[in-house]
Amino acid sequence: SIVTLQPSSIGCTSAMVGSLLVFDGGSQVTEQGICLATTPNPTIDDKKMVQDGEIGYQYWSRITELNEMTTYYVCAYAINRKGIAL
């Protein structure tokens, strides 16, 4: 399972978002990142930011090029051979 961490350093056009991988289901995670949308409950079919480098249990990323006065929704995700966790 994966948890979306509380966004921080929120500015007019950027924010820091993160995830915490709690349990990998006994299978190595092959992709981890953040989904982003302007509608609730984003999925990997929306815009996604894939973690660069080594996959870890905690991941932070700065989202940039956001539009001012727009509400964004984020959701952490992780993928392994057992499926997708949001």
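I take two strands as paired if DSSP finds at least two bridges between them, strands (E, at least two residues) being DSSP runs numbered from the N terminus. The model is a predicted one, in which local features need pLDDT of at least 70 and side-chain atom pairs count only at pLDDT 80 or more, while totals for chains, interfaces and linings use all residues. Residues are numbered from 1 along each chain as its sequence is written, and side-chain values use heavy atoms, with hydrogens and water left out.

Sheet. I looked up the strand order and found an open sheet of four strands, β4-β3-β6-β7, with antiparallel pairing. β4 (47-50) and β7 (83-85) are at the edges with a single partner strand each, so one side of each has no neighbour in the sheet. Between β3 and β4 I noted four bridges in the antiparallel sense, and Gly 33 stands opposite Val 50 in β4.

Beyond its neighbours within four places in sequence, Leu 66 is in contact (heavy atoms within 4.5 Å) with residues among them Cys 12, Leu 36 and Tyr 72.

Loop. I placed Thr 70 in the loop between β5 and β6, where Thr 70 is partly exposed at 34% relative accessible area, that class lying between buried and exposed (over 50%).

Methods. Buried < 20%, exposed > 50% of the residue type's maximum accessible area, 1.4 Å probe, protein only.
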